[in-house]
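Reader: I have a structure open and would like to go through it with you. Could we begin with the surface?

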Amino acid sequence: MTVEDLSGGAGDMPAALSMGGALEEFKEVEEVKKLIADIVNIYKDEIAVELTVERMQCIFASYQEQTHLLDRYLEDLLKQLLEIVRNPDVPSRVLHLAFKLLYLITKTRGYKVIVRMMPHETSDLEPVLSLLALQKSTDHEHWETRYVLLLWLSIVCMIPFDMTRFDGHVKTDTGDGRKTVTQRIIDTGMQYLCVCDKSRDAAAYMLSKFLTRPDVKKQKLAEFFNWALLAMKTADVSTMPGTIQLVGVLTTMALLFKHGKREDLVDYANTVLEHVVVLKASVTQNTVLAKLSMKLIQRLGLTFLKAKVANWRYQRGHRSLAANLALTAPGGDAEGPSPSVGSKEGEEVVEVEEEDYDIPEEVEEVIEQLLSGLKDKDTVVRWSAAKGIGRLTGRLPQELADEVVGSIMQLFTIVETDAAWHGGCLAMAELGRRGLLLPARLGDVVPVIIKALNFDEKRGNFSVGAHVRDAACYVCWSFARAYDPDQLKPFVNDIASALVIVSIFDREVNVRRAAAAAFQENVGRQGQFPHGIDILTTCDYFAVGNRTHCYTDLSVYVAQFVDYTTVLIDHLAHVKISHWDRNIRELCAEGLHCLTARAPQYMTSEVLPWLVSKCLDMDLTMRHGAILATSAVTHALALQAWSQHKEIADLVDKDTVENIRNVIPKLHEARWFRGLGGELMKKATCCMIHKLSLAKMPFHDEPIIDIWQRLLDDCLQIIDPDIQESATVALSAFLSEYYRQADGHPKSQEQEHLMAKYLEGLTSKTQTTRIGFALAFGAMPKFMLEGRVQEVMSSLVEASRLTEKEEKWVESRRSAVKALTSLYRTEPADLSSCMADLLSATSVHTIYAALFDAMNDYTLDSRGDVGAGGSEASMTGLLQVTSTLTIAEPSLITPEISRQLFCCIVQQSVEKIDRTRAHAGQVFSQLLYHSPEIPHIPHRDDLLEIFPQSVLDSVIWIAPLSTFPLFTQLLALSTYSYSVLLGLTVSVGGLTESLVKYSAAALLDYLRHLASDREATQVFSDIVLQIFRDHQKVDRVTLPMLKMLDQLLANGCFDVFVNDDHSFPQELLALSREEIRKCGEPQKLLASINVFCGLLQFPGKVRTNTLSQLFLLLCHKYPLVSTPSL
């Protein structure tokens, strides 16, 4: 196989992985066999070896979730690889490569399956041992070899012959007898228990199998335990070697007590337990050691107890499918299986009467350790302890097992940590799925599990409890599989409601999905959940993935079923409104707003009064959530009232309305707008004003309106943009409801006061204040501007101007531009009737002049080109104003306005910032194809030819490869040539590699078509010089200009002037020399050197003057400049 074949195959990895569970067979088996056969030929080529391994990894990775598809081919693949391994003449590199491929197969299918398929003849024992003896434990490059050899040895060492038969009597050179095979195997295993790679696990597995052989355990088991206990006692867990050795010892002992017979190990169990309990107390900080200690303790507990199936356990159905079917057959036992039936079919069970079976005292210590393990800080330790509890309880008498359940129940108290709750849930799930939690206990357990489904413990600015809720869902899932429907019937409604709440309202997506899975399992297994199928088909695993969708849509769907309506509402109103996450509180308010339509009477009589009472709660999160929820519910009730042709006061009682009116004043009195949480309260109260205004609360001409107005004015001046945005949104609704007279005109006194304050704010010496009041004018209803349009427009235009003193105030200028735009964001009918002042020639000229000026905002600071935001806002404004005028009064759009409009837009469409360029392209396309047609578009027919609708539909505006070839064609149109070339200059001479590449390619491609057209080249050169003159000493343009000129000169774009005494090179030389005069910027000087070198191609005086300039630069004080001049 060639390297090209291998590299081509490796590229298929994403496609193979994307197949997921859709594979039907092992299609690459022949390719794998060929790869294996080729390793003897390619082992000297490191590239080919690497590609072979990568290809094998790619193939087997695609079967990671369907490993059973490999089974029918595994024997042939192992045989092919082991033939290479068994060949004594094979080079070591081939040997290691074969073992690496064997490891890939083992990792995919699992070592337990692979070990059973490995050859285990007597002739394999000595070669495997010899190969292992040749390996070095410090060789970290070939650890796969040692791992596979140890796994192979674990099955070879189980051959059914006494190991002494393999020992010879050959004497060594020193006269000593060599080690026996048994000792060599044990020494090899013990050697690799102290390494840090994967071979340690294989060594532990091999020793556990070998030491439990009948002939070996008599001689070596006690000796190994002595060594292991000594290692446990003397190992220093503070050092890495000590920790590694201890991990190997504990792993081996856990496997020993798993694979060995009880009668062989019970004599050692007590001593081992004493040592491991002492060790466990000192390794709590090491997760791996703690887990292995817990695993060993549970194995010791199982060793103390005889293997038996509890006669008292609850069992739903039979293990046998035939037995289950017999129950449903005619004449079958209609009563079903007895809960006391406990044996597994085909399992050897020791039948021991409970009263005659003495429980060893050590079991109490084991259970105590396991119960403490349920409270461990690490999840893996708690999970191991839970499984141990389940296994151990299955061998205990019913009375003792019930005591274990009672001990677990004690973990579910308020004084216990989240770890204890999580461990308790895992243990309950294990007991339930094993039938060890009897139905009599469900009355105590189910309420605790429902409480665990809502476990959320706040810690600072975050909380813990997601793992507890997830484990509680697992408990509900296991109960569904373990119990008959009759047993769970009393708890169905509680469990169903709790799972629905978690699946819809939980903060974490994994918990929501776990609850949805548990709900689905209960619906399928129990069949008693109210409206289970309907809810299941809508609130499935994928639907609950989007949190907003859950709160606003799924909750409304589920609430249509009466069994869940009040439960969902109560959970939001009493639990989620005080959630520690602000986003959840906001979603809670939205959810209550949506749910109001399902139970308006309940919301009015129960929920809203309770929420209002919590608006002044001492707890910040409760207070914030209650204010948001009160606002949302009030607005929703108003919508319900209007649908019934009523007012909000007709639904809500007077006391509640009065309490809502007093919320903000009392917040002021309590000074909760100051200090910690003050900004949160301000944003929440802005939301309240907004919602109450939309609800048309009957507060007109009351003192509370002045309080609201002052609060909004204060919020407009807060530095937090979120608060300013909330105040802006609230102001619009507030003014529309409380400052409008019945005839639609504003209240004169309020308008006068408001305008005076807001216009003064636009001239503030603080940028934040300017931003806030500019946003306020942008959101202000049009009726409030009656008679003040010119004054407001003038102030906004002044605020949008770029001045030297306020150069860095880009945000305030952008807000002013947005406000100017919003003046024209209304229906033409409103413009003609209410806002005629905006349609005057003076206003149109003023607004366009301001927007055109804003397009030239190229302010820079530490954040980069921050002025681009103003340019984008200006383009949006030009689109809005032009669209409105085209519909309302197209005669106001003069040819000059249209020319400037399109020139500005096309310039921005070819400049350097991707986001700005994309926005400009979209605005350009909308203007070009605007309906009705925008008047006086320069070269409109040419534009339509260059930009047909089919092209605009497919173009990617943010991609320079798509846009520059289109806009470069506008250089041939006299009206746009200057603007397009000005934008191209900045892009071609820019810094971004892809931008420079595609913009320069588009420009050079255009100029190649002008190579023989002297007149067109003359026009182009004149534009270049004009741009250079207009922007002399403007670094934003001149530095890119010099870089662009270097490319144009180097590509012969001005060769038509070489043999003529043309003025272009002379003027270019003069402009370049003037640009670098008194310049100390190295980048500009270096760029000018390249231009001067390009000008040397022009003979005569130009060349002479250019050489003089280069000689001067040769003497420059900066070596960075003088060296390139050579």
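Author: Accessible areas here come from the Shrake-Rupley method with a 1.4 Å probe, and for residues only the protein chains shown count as cover. The accessible surface of the protein chain comes to about 50,100 Å², and 51% of that surface belongs to carbon and sulfur atoms.

Reader: What should I know about the model itself?

Author: This is a predicted model, in which local features need pLDDT of at least 70, side-chain atom pairs count only at pLDDT 80 or more, and totals for chains, interfaces and linings use all residues. Residues are numbered from 1 along each chain as its sequence is written, and side-chain values use heavy atoms, with hydrogens and water left out.

Reader: How many helices and strands are in the protein chain?

Author: The protein chain has 57 helices and 4 strands, taken as DSSP runs numbered from the N terminus (helices H or I, at least four residues; strands E, at least two).

Reader: Turning to R200, is it buried or exposed?

Author: R200 counts as buried because its relative accessibility is 16%; buried means under 20% relative accessible area, exposed over 50% and partly exposed in between, with a 1.4 Å probe and protein chains only. R200 lies in helix α11, residues 199-210.

Reader: Which residues is R200 in contact with, leaving aside neighbours within four places in sequence?

Author: They are Y192, L193, V195, I244, V247 and G248, where contact means heavy atoms within 4.5 Å.

Reader: And how far is R200 from L150?

Author: Their C-alpha atoms are separated by 9.1 Å, while the two residues are 50 residues apart along the chain.
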